[in-house]
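Let's take a friendly walk through a structure together. Have the sequence and the 3D view ready, and follow along as we go.

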Amino acid sequence: MSGSDDDTAVVMARDLTKHFTVRRRAGRVRRDRVTVEAVAGVTFAVPRGTIVGYVGPNGAGKSTTVKMLTGILVPSGGEVRVAGLEPSRRRIELARRIGVVFGQRSQLWWDLPLADSFELARHLYAVPRSRHAARLTECVDLLEMAPFLQTPVRQLSLGQRMRGEIAIALLHDPEVLFLDEPTIGLDVVSKAKVRAFLADLNALHGTTIVLTTHDLGDIERLCSRLLIIDHGRTIFDGALNDLRDRFEPNRTLVVDLAAPQPALRIEGAQVVRVDGARQWLRFDRRTTTAADLVARVAVAADLVDLTVEEPDIEDVVARIYRDGSAAF
Amino acid sequence: MNTLRLWRLLVVARIRAQWQYRASFVIDTIASFATSSLDFLAVLAIFTHLHTLGGWSVHQVAFLYGAGGIGFAMADLFVSNLEQTSQLVRTGQFDVMLIRPAGTLTQVIAGDVSLRSVGKATQASLVLVYALSGAAIHWTVGRALMMLAIVACGALIFSAVWIAGSCIVFLTVDGDEATNAITYGGNFFAQYPLDVFGPWLRRLLGFVVPTAFVAYFPALYVLGKPMPFGLPGWVRFASPLVAAVALGVATAVWHIAVRHYRSTGS
Amino acid sequence: MRGRLYWQLAKCGWRRQTTYRAATIAGMFTNSVFALVQGAVLVATLHAAGRRIGGYDTRDTLTYVWLAQALIGPLAIFGGTEIAERVQTGDIATDFSRPITLQGWWLSSDVGRAASAFVFRATPQFVIGAVIFTLAIPTSPVRWFAFALSVWLAVAVCFSLHFIADLAVFWTISPRGAISSQVLLMLALSGMLLPLGFFPTPVAHVLRALPWAAAVQGPIDVFLGHGNAGFSLLRQALWAVALLSAARAMAAAAHRKLVVQGG
């Protein structure tokens, strides 16, 4: 990374590491001290106004990274800058400029009405009353929170609570929004609402969004860029389409023929399934193009219809998790 | 936003939330009154066998108990939510404190107020009234002022003890019970004259954990008793200084401890 | 079959207790500090009185102090709100649907917990006291056996008192009342606060006859050889039987209430 990236990057990590010392049982009484590298040298930069997805299997170091970016954890080594500040040293200053949503921690006062939590947040972040009111109205409208604004948080459904969590993280108009598993446990409708809201937020206010998730639907719907981390190291950093190209070169051509036929024999492709008049041909897009293949099929058989299937992102990521960085 | 205003704001919110459980509040207050009465019951039972303990009469011991007890109850009222630190750390909810633009110590302390401590304070006040009724004090302006200082310094010293003691959970989250040794243990220790304890206990629980400055030293002045252990006379007036230093040290320890927070909860 | 289940539950209780090593050490530290302070106060009391009090000399008093603090863990003096929490959350309904009585289920795991606490918490705790001070340690194996029996009876008594207070939550609006009263009575009347012999004689007589004395003062009397051990054990056993029966009846009533009102 060159130094000039720092000027446009609102979130920056360079050789970031975090290790924990844990005691493990080693026999009946003895316990050994073991050092665990939760994050082992992660480097990336997030330009202002982008939405970045940060994914990886459980225990890969996602949450630990986000916690270092937000000032919750003190890094063991490397450098972090968020909005130009070193998070753990200037935590309070940073807190005014970022918003954080944890899928599994609540920032709301659980035995007070939701509206009271918002009011407390106004004081906590010292937001001028008029600006707070405008922002709150916007959030209440977009997240459809009006019906349960006066309900104590403990009585809210998970979907309602999560909308409340997102709102409270945004009332002080942060430059960067960090979300850790924001859609975990939500039903389809709530998930869609949350995703739409985040997309609007980014489009209208230019808020930079960094989100960790297990739900690749979040990534496909929201993120222009994807970071994959495993065993504390970044194993992919790029656009979603690049990911497909790099890790899954195979595509599938689905052809509907005029009449059922035995499996076609086509150069550069392999029939993986036959169902009546429909056949599935797998090919490597680095050596064969779909157009060539279609031409060859047309010669061999009577072609009625065709589609090209992109590999499922879930499968790609599952394969990367399984194979680790060896997939390179 | 300044710390005091933030504290008031959060505390008012807590009181509003607690107001939903008024019946519990009444029961807890009564229980608090009764539980703290037990310790004094023990003092009275002990004095059925003797006239003075370590050179102190029952009224003089009651003075230590009452004056120190009010300070302890006030610390309990305002800062005992620190006992929730282990729970906050265990569940990872402490994360939330770290992403808000306010001090973590303020937020934990303001997380709740223990209104039931009013029961404890009432009980300690009654014991103090009993003490003053029988201790034959020669009142002067200085001694009257010292009474106020005892309560204030007691509250501050016990608060400092609570803050410093709570830091252990950042090192080992299940170690929270050890805090009780210096908070409740410190209060138990401060109920009796320093004279009855051996030199090591005196040094550790009287001076390192400075509970001797809660009631004992100021009481020597108010009750007109001589300085023990060859200590200079000014020690009787050192409580405000000790309270200030203790608070300074405790907050510094807290800030160091928080940097060791591991956020392992899920 | 049933026996195996009880055994498994006890083992689970044992294992749960041993998981938290830091908590055990922290607890021992705190109990030791209290023992040091209380020991100093009571020894000063004996010196000031210039005689034995209620049959206690200095050595007996220090033994009492360290033993009482050591027993806090196994007897869970301050503990026992787990059942009350389950009543409040409604989880208690699943406990009633098990192929074993509510009392049998919780008692078995509590016995396992107490055994573990006795080995890993109470014993080292008492050894600390015995290293610092000269304590009155029984030499006769019969006395040790009687003490072991007495501790088990105390566990049964404490369990039942907690169990009854916890189940009272079924009938009270606020859970705290019954539970805080139980802890309060336990502290005041069991001999935790002071050896019962330190109270004025008529008061001490009354306290000894109450169930709480069977929880703390009972085992300590047996350990110190104060009074007739056989009589003390008999009194403990009677209380244990009475309270276990009361707890059983309470559980049955709670079950009826649950079935009729659905919680």
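Predicted model: local features only at pLDDT ≥ 70, side-chain atom pairs only at ≥ 80, totals over all residues.

We begin with Ala126(A), which is partly exposed, with 13 other C-beta atoms within 10 Å. A residue would need 20 or more such neighbours to be buried, and 12 or fewer to be exposed, so a count in between gives the label partly exposed. To find Ala126(A), look in the loop of chain A between helix H4 (114-124) and helix H5 (129-142). Its backbone has a positive phi of about 50°, although Ala126(A) is not a glycine.

You will find Ala76(C) in the loop that lies between helix H3 (58-75) and helix H4 (82-89) of chain C. Ala76(C) has 19 C-beta neighbours inside 10 Å, and therefore counts as partly exposed.

## Chain A as a whole

Now zoom out to chain A. This chain has 11 helices and 13 strands, and its C-alpha atoms fill a box of roughly 75 × 55 × 50 Å along the principal axes. Of its 328 residues, 37% count as buried.

Chain A is divided into domain 1 (5-244) and domain 2 (249-310). The C-alpha centres of these two domains of chain A lie 44 Å apart. What share of the contacts in chain A with a separation of 6 or more comes from residues 24 or more positions apart? That share is 68%.

## How the chains meet

Which chains share the most contacts? Of the two pairs of chains in contact, it is chains B and C. Here, 31 residues of chain C are in contact with 33 residues of chain B. On the chain C side, the elements that give two or more residues are helix H2 (21-49) and helix H8 (176-189). H2(C) provides the largest share, 16 residues. Sorted by class, this side of chain C has 24 nonpolar, six polar and one charged residues.

Chain B also touches chain A, and that contact takes 20 residues from chain B and 25 residues from chain A. On the chain B side, helix H1 (3-18) and helix H5 (94-98) are the elements that give two or more residues. The largest share, five residues, comes from H1(B). By class, this side of chain B has 10 nonpolar, five polar and five charged residues. Chain A and chain C, on the other hand, are joined by no contact, and their closest C-alpha atoms lie 10 Å apart.

## Two helices crossing in chain C

Let's finish inside chain C. Two packed helices are described by the angle between their axes and the distance between the axes. For helix H1 (residues 2-19) and helix H6 (residues 102-132) of chain C, the axes come within 7 Å and cross at roughly 45°. H1(C) and H6(C) are therefore oblique to each other. The crossing of H1(C) past H6(C) is right-handed.

Which residues make the contact? From H1(C) they include Tyr6(C), Leu9(C), Ala10(C) and Trp14(C), while among those from H6(C) are Trp105(C), Val111(C), Ala115(C) and Phe120(C). The residues of this contact between H1(C) and H6(C) divide into 10 nonpolar, eight polar and four charged. Arg16(C) of H1(C) and Asp110(C) of H6(C) are also part of the contact.

Definitions and conventions. Residues numbered from 1 in each chain as written. Chains lettered and ligands numbered in written order. Contact = placed C-beta atoms within 7 Å. Helix = DSSP H or I, 4+ residues; strand = E, 2+ residues; numbered from the N terminus. Nonpolar A, V, L, I, M, F, W, Y, C, P; charged D, E, K, R; others polar. Domains from an automatic or database assignment. Axes fitted to C-alpha atoms, helices over the stretch in contact; angles between N-to-C directions. Parallel < 35°, antiparallel > 145°, perpendicular 65-115°, else oblique. Left-handed = near helix turned anticlockwise from the far one by under 90°.
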